[in-house]
Structure formats: structure tokens, C-alpha cells
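Here is a structure to read through. The sequence and the model come next.

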Amino acid sequence: MAEISWELFDRQVQECRMCPLYAGAKNKVPGQGDRQSPLMLIGEGPGQVEDEQGLAFVGPAGQLLTKMLGAVGLPRDRVYICNIVKCRPPQNRVPEPTEADACKLHLRIQTALIRPKVILLLGSTAAKNTLDPEFRITRQRGQWFERKGVWMMATYHPSALLRDASKKKEAWADMQTLRDKLKELGLYEDLPGYGQE
Ligand code: URA
């Protein structure tokens with residue numbers, strides 16, 4: 001296998017035709033942020049604004065995500081953010097398992113390049129495709145799972161919080177759990193810009 005690099009990753013995503021979603025995408029949305037960050041965030045798939053700009057989480061859900069991170073002193077530009085699928089599903093539907101599976105090659109390469117210590121999974125699609133196909137977000141959010149030395153936790157997707165504000169309290173608790181884990185691992189105070197709540 002060719003040695004992995006960001007150049008190869010970017011090219012593979014831009015040229016990808018491994019599932020039908022590429023045909024409807026205005027732009028591929030590979031992900032962006034701090035490539036040195038110990039913290040990686042994984043969402044579901046690009047929405048309309050993301051599709052137009054080629055950037056992850058820049059629409060209304062992204063604005064709420066920025067606030068959630070800021071509330072626990074995590075500047076958004078110090079984390080790395082991406083999605084399970086890199087092309088927008090039509091009408092923002094949930095990606096089909098075949099689409100998510102096809103895109104996992106990209107996510108695996110991306111994760112190998114970032115080498116995160118902690119991964120925050122945003123919503124059920126991210127958790128199901130990363131931790132367990134039977135994952136139940138309402139029951140299992142806020143719990144830590146260790147996979148190959150990487151700590152993973154799921155919380156509600158910010159779009160779910162926009163639809164149902166009553167979930168915000170639990171999401172807030174999850175963000176504090178995230179901050180506590182970063183502190184426990186010595187990854188919080190160490191990073192300039194972190195901890196400015
Ligand atoms: N929802 C997601 O899951 N990802 C984005 O990038 C935007 C909205």
C-alpha cells in the first residue's frame with residue numbers, strides 16, 4: 001500500500017466515486033481543523049451549507065457545535081472535525097450503510113493521519129458506524145469506550161439539539177465529561193488556547 005499522506009487522502013476524497021453520493025455533491029467535504037489535535041469530532045454527513053462551501057459543520061448545526069465546544073473552553077480551531085460520509089446525502093437523509101461503508105476507507109486514513117487520543121461522535125450515525133451498529137444514542141451517550149488506545153464517546157448531534165432543546169441539558173453534561181477526560185489525560189491545560197471558558 002502506498003504510504004499515507006494528507007496529499008493522498010485529499011486526492012482520494014476529491015476523486016472518489018466509490019458510492020453514488022458523489023454524483024449529487026457540489027463539493028466534497030473531507031473535514032478540516034487542527035491536524036495536530038488530540039481531539040477529533042465525527043459527524044454524520046455534509047448538509048446544504050457544507051456542500052456549498054466544502055467545509056464540515058459550517059451551517060446552523062456547526063454554529064451550535066462551536067458554542068458547545070466554547071462552553072467547555074475548547075476553541076473550534078484547535079480540534080479536527082469531519083463526517084462519516086464526505087458527500088452530501090440528498091435531502092440530508094441518513095447515509096445508507098453501503099455509503100458509510102464505502103466512505104470508511106477515507107475515515108480510516110484520516111484517523112491514522114490525525115492519531116487522535118479522544119474522539120467525540122456526534123449523533124447516532126457516527127456512533128453506529130464507529131462503535132457498534134446497535135448503538136443507542138439515548139442510552140449510551142456520555143459513556144466512554146476505549147478502542148485501540150483511543151477514547152470514544154457519543155453525544156447528541158447538534159441538529160438533534162436544534163430540533164429538540166430539551167436534549168441540551170444532557171449534551172451539556174456530555175461536553176463536561178469530554179473536558180474532564182481531556183484533563184484526566186493531561187490534554188487540556190497543555191494546549192494553548194484550551195481552557196478559556
Ligand atoms: N451535520 C453533519 O453531520 N455534518 C456536517 O458537516 C453538518 C451537519
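This is a predicted model: local features need pLDDT of at least 70, side-chain atom pairs count only at pLDDT 80 or more; totals for chains, interfaces and linings use all residues.

Q: Which residues of helix 1 are buried, and why are they on the same side of helix 1?
A: Helix 1 spans residues 6-15, and Trp6, Leu8, Phe9 and Val13 are buried in it. These residues cover an arc of only 160 degrees around the axis, which puts them on the same side of helix 1. The buried residues are thus Trp6, Leu8, Phe9 and Val13, and the reason for the shared side is the arc of only 160 degrees.

Q: Which exposed residues does the face of helix 1 turned away from its buried side carry?
A: Helix 1 has a buried side and a face turned away from that side. The exposed residues on that face are Glu7 and Glu15.

Q: What do the buried residues of helix 1 pack against?
A: The residues in question are Trp6, Leu8, Phe9 and Val13. They pack against strand 3 (80-83) and helix 4 (97-114).

Q: How many residues of strand 2 are buried?
A: In a regular strand the side chains alternate between the two faces of the sheet. In strand 2, Leu39, Leu41 and Gly43 are buried on one side, and Met40 and Ile42 are buried on the other. Strand 2 (residues 39-43) is therefore largely enclosed by the rest of the structure, its buried count being five of the five.

Q: Which residue of strand 4 stands opposite Leu41?
A: Strand 2 and strand 4 (residues 118-122) run parallel and are joined by four bridges. Opposite Leu41 stands Leu120.

Q: What is the bridge partner of Ile42 in strand 3?
A: Strand 2 and strand 3 also run parallel, with four bridges joining them. In strand 3, Ile42 is partnered by Cys82.

Note on methods: Residues are numbered from 1 along each chain as its sequence is written. Side-chain values use heavy atoms; hydrogens and water are left out. Buried means under 20% relative accessible area, exposed over 50%, partly exposed in between (1.4 Å probe, protein chains only). Helices (H or I, at least four residues) and strands (E, at least two) are DSSP runs, numbered from the N terminus. The arc is that of the directions from the helix axis to the C-beta atoms. Contact means heavy atoms within 4.5 Å. Two strands pair if DSSP finds at least two bridges between them.
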